[in-house]
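Please open the model in a viewer and keep the sequence panel at hand.

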Amino acid sequence: MASLRATLSPALLERGGVILLLLAALVPRVRDVAATFDREIDGFQGSCFAAFCVNYERLGVGRFGGYPTFNIDVPADADAELYLYGNHPPTVPLLCWATLKLVGPDGWNEAWREDRAPEGVELPLRLPFLLFHLFGLWTFWWALRQGSGSRVAMLGLAILAMTPVSALYAKLINYENPTLALVLLGYGFHARYLRGGAMRDLVRLGLCFAGAAAITFSPLFFLPPLVLQLLLRRNVAGAVRLALVVGACALVPIVVHGLWVRSALPAETSESVWSRAAHLLEPLFDGTQPFGEWCRRQWVRLEYYLSAPIFYAAVAGLVVLAWRRVRRRGSGEQPDGERIELAPPLLFGGFLLLFAFYTHTFDGEGVHGGQTLFLLNLAPAAAALAAVFLDALAPHLARLRGGIAPLVVATSLVGMPGIARTNEVRHLWRAPGPRDDPSLTTGPDQPLPATSGAEIAAILPAGSIGLYPRQLAFNNAPSFYAWRTLLPADRETLGQTIGIIGELGLADLPRYLLLPREPDEAMRADIEAIRADLAARVEPVAGDDKWELWPLQL
């Protein structure tokens, strides 16, 4: 073995290690890549983008300048009433559509004519995002290597490979994975720019941010930390140059999107950036969502979705960096030109992004509340900080016998619990239950969206609107699989929901309320109260062993 190591160059060993780590990372990430959409954000986003693709085919990809629409039922000649989506550039929806055009299953673009969802679209839709995610893992390693060297980069990649939030959202059909991959690539060029000052690296950094901003505007939050890092290194000229070049590159696609969306969509369907920002931050300023409580919720959710060992190793890494800075300032030393820490700007940028989406990241109680996909933007920072901590331990572990084995063991102790957490969350999100597979006696009570969608399609007539009790907490996926417009409602908001149907131009369609035959105990009283209200006026028009269908005429 020693002779084999002697014949292999360090560079070859490093490349082999990176390949092995990427292959190992692929194992939990490729699982379920062809499965139906799940009960959580995978189901929400995946079904949205699948519907976007169908509507590109049925309405025309250029009808609204490439911007997509959510509708299952499309009102005739009423563009202003379509549920159009222009919050982001249409890059990702168009990527999904192009992927289905190239490798989608036969007939996916014609299924809507038969009032059914396309079958088998999940794998081709997820595939490009999984590839972007794997590219992001590589760019993360490469960026850390440019900044802090090969050992920190390998440790960071190993930790990120085992981080639950990274594995869980690896194939998410959304904006995060392609954007993060390009931002991390840009951070690597930033490290090279800090070290050498080459203009070509600054231009490459700008191009990375331009590409990411052509997907969504979140890269803007990762730019101020880079400027600040240069200022802290007393390089004011470099900071100004970076802010101007990279800022201009990132703003160009955002400005183009802003102008294009105004010309392509009906005026009443487009929302300005400022009004959207005001909506997201309003609960902070009116006091309904206090900042202290927001911080507490981020801490709790990060501890869960990173796993406690990775989370606290990251905290320890932050302490290590703070101590190094204090010690350097006390001794009057200049920043170490050979080591450029990317973890602090990644952390700062990730938290800026979470704060910008304040309402989304505040909502909900407990670890599963809020839109936890935003935590994916902090996963690289957490892995990089944990790598700093492990790298600081390395000299002490080297005193033990066994070469690098003690460091490998320490890294495994930090990262392996994350694999168990990934499996735990996966079970909640997508494990089948007795409704999905009659041979099962245990499992989640809520069926998978494909099961609920098939049940609803069997009882709810095509071309009608289905309302269901809000307590069922469906995402969009049951509506997609049923290929029926489904909306949540409760006793207090039923009239408002009917109003939304009118706003969507679907007021003339028949409306029904879907009530489960056997609701969970927690919602049974509410469901029975709704059933009693309806029974005083109408009779159910259809039913089976799972659902009752009640007519709604208001």
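Begin by selecting tryptophan 483, which is buried because its relative accessible area is 4%; buried denotes under 20% relative accessible area, exposed over 50%, and partly exposed the range in between, with a 1.4 Å probe and protein chains only. The model is a predicted one, in which local features need pLDDT of at least 70 and side-chain atom pairs count only at pLDDT 80 or more, while totals for chains, interfaces and linings use all residues. Residues are numbered from 1 along each chain as its sequence is written, and side-chain values use heavy atoms, with hydrogens and water left out.

Tryptophan 483 lies in the loop between α20 (477-482) and β2 (485-489); helices (H or I, at least four residues) and strands (E, at least two) are DSSP runs numbered from the N terminus. The phi of tryptophan 483 is near 50°, a positive value in a residue other than glycine. Most residues other than glycine have a negative phi.

Select aspartate 115 next. Its phi is likewise positive, near 60°, and its place is the loop between α4 (91-103) and α5. Is aspartate 115 buried or partly exposed? It counts as partly exposed, because its relative accessibility is 39%.

Continue into helix α5 (residues 122-148) and select histidine 133. This histidine 133 has a relative accessible area of 5% and is therefore buried. Which side chain forms a polar contact with that of histidine 133? It is serine 166, at 3.4 Å; a polar contact is a pair of N or O atoms within 3.5 Å, where within protein one must be able to donate a hydrogen and the other to accept it, and residues adjacent in sequence count only if both atoms are side-chain atoms. Leaving aside neighbours within four places in sequence, histidine 133 is in contact (heavy atoms within 4.5 Å) with Arg29, Ser166, Ala170 and Asn177.

Now turn to the nonpolar cores, each a set of buried Ala, Val, Leu, Ile, Met, Phe, Trp, Tyr and Cys residues joined through side-chain atoms within 4.5 Å. The largest has 122 residues, of which Leu125, Phe209 and Leu242 touch the most other members. Helix α17 (residues 379-397) gives the most to this core, with 12 residues. Another core, of 28 residues, lies apart from it and includes Ala482, Leu486, Ile501 and Ile530.

Display phenylalanine 209 with its surroundings: not counting residues up to four places away in sequence, it touches Val183, Tyr187, Pro219, Phe222, Leu223, Leu226, Val246 and Ala250.

The next selection is strand β5 (residues 547-551), where five of the five residues are buried. Trp547, Leu549 and Pro551 point one way from β5, and Glu548 and Trp550 the other way. Strand β3 (residues 511-516) runs antiparallel to β5 and is joined to it by five bridges; strands pair if DSSP finds at least two bridges between them. Proline 516 has tryptophan 547 as its bridge partner in β5. Strand β4 (residues 542-543) also pairs with β5 in the antiparallel sense, over two bridges, and alanine 542 is partnered by leucine 549. Three residues separate β4 and β5, which form a hairpin.

Finally, show the whole protein, with its 22 helices and five strands. Its C-alpha atoms fill a box of roughly 80 × 55 × 50 Å along the principal axes. Buried residues make up 51% of the 554 residues.
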